[in-house]
Amino acid sequence: LGPEPEGLRLTADALAAQLGRVALLDARAPERYRGDVEPLDPVAGHIPGAVNVPVAQCFAEGGRLPDDEVLRGLLDRTGPLAAYCGSGVSAAQLVLAGAALDRSIALYPGSWSAWSNDPSRPVATGEH
């Protein structure tokens, strides 16, 4: 990914090529990330190598972003960042949180729905 412009959108193939080289953030609820439940898509779990950063943690009381220290704690990863969720909407909130810190986060808008509907894509379950 490297130093890319804000608003970068990844395709599934571009993301697959970067697995292991990009810090991938999954914005879904922990039970969906772990694969305990999947109410919408054909496969439960997450993209291998992703870490769970539930988007709800990116909001303080009143729906505002929390202070920079809290955001830094949530997004404290080295290297390029990318985010996804179920369908791309919640992950955009992680992109916003990164922008508030002047940190670019690429968005995979297809998110879990696109990834899990392709049986050739790897899937992980559990905490890691």
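Ser-111 is buried, because its relative accessible area is 0%; buried means under 20% relative accessible area, exposed over 50% and partly exposed in between, with a 1.4 Å probe and protein chains only. Ser-111 lies in helix H5 and has a positive phi of about 50° although it is not a glycine. This is a predicted model, in which local features need pLDDT of at least 70 and side-chain atom pairs count only at pLDDT 80 or more, while totals for chains, interfaces and linings use all residues. Residues are numbered from 1 along each chain as its sequence is written, and side-chain values use heavy atoms, with hydrogens and water left out.

**Overall fold and dimensions**

- The protein has five helices and four strands; helices (H or I, at least four residues) and strands (E, at least two) are DSSP runs numbered from the N terminus.
- Read from the N terminus, the order of elements is α-β-α-β-α-β-α-β-α.
- The radius of gyration is 14 Å, which agrees with the value near 14 Å for a compact globule of 128 residues; this radius is taken over C-alpha atoms, and the globule rule is 2.2 Å times the number of residues to the power 0.38.
- Along the principal axes, the C-alpha atoms fill a box of roughly 40 × 30 × 20 Å.
- Among contacts with a separation of 6 or more, 70% join residues 24 or more positions apart; contact means heavy atoms within 4.5 Å.

**Surface and charge**

- Of the 128 residues, 38% count as buried.
- The protein exposes about 6600 Å², and carbon and sulfur atoms supply 53% of that area; accessible areas come from the Shrake-Rupley method with a 1.4 Å probe, and for residues only the protein chains shown count as cover.
- There are 10 positive and 16 negative side chains, and the centres of the two sets lie 3 Å apart.
- In that count Lys and Arg are positive and Asp and Glu negative, with His and the chain ends not counted; each charge is placed at NZ of Lys, CZ of Arg, CG of Asp or CD of Glu.

**Nonpolar cores**

- The largest nonpolar core has 17 residues, and those with the most contacts inside it are Leu-25, Leu-74, Leu-75, Ala-83, Leu-94 and Ile-105.
- At least two residues of this core come from each of strand S1 (23-26), helix H3 (68-74), strand S3 (81-84), helix H4 (89-100) and strand S4 (105-107).
- H4 gives the largest share of this core, three residues.
- Apart from this core lies another, of 14 residues, with Ala-12, Ala-106, Trp-112 and Trp-115 among them.
- A nonpolar core is a set of buried Ala, Val, Leu, Ile, Met, Phe, Trp, Tyr and Cys residues joined through side-chain atoms within 4.5 Å.
- Leu-74 touches Val-53, Gln-57 and Cys-58, not counting residues up to four places away in sequence.

**Individual residues**

- Asp-102 lies in the loop between H4 and S4 and has a positive phi of about 60° although it is not a glycine.
- Asp-102 counts as exposed because its relative accessibility is 68%.
- Most residues other than glycine have a negative phi.
- Arg-32, in helix H2 (residues 30-34), counts as buried at 14% relative accessibility.
- Not counting residues up to four places away in sequence, Arg-32 touches Val-37, Glu-38, Pro-39, Leu-40, Asp-41, Gly-45 and Gly-86.
- His-128 is in the segment after helix H5 (111-116) and counts as exposed at 76% relative accessibility.
- His-128 touches Tyr-33 and His-46, not counting residues up to four places away in sequence.
- His-128 and Ile-47 are 81 residues apart in sequence and 9.7 Å apart in space, C-alpha to C-alpha.
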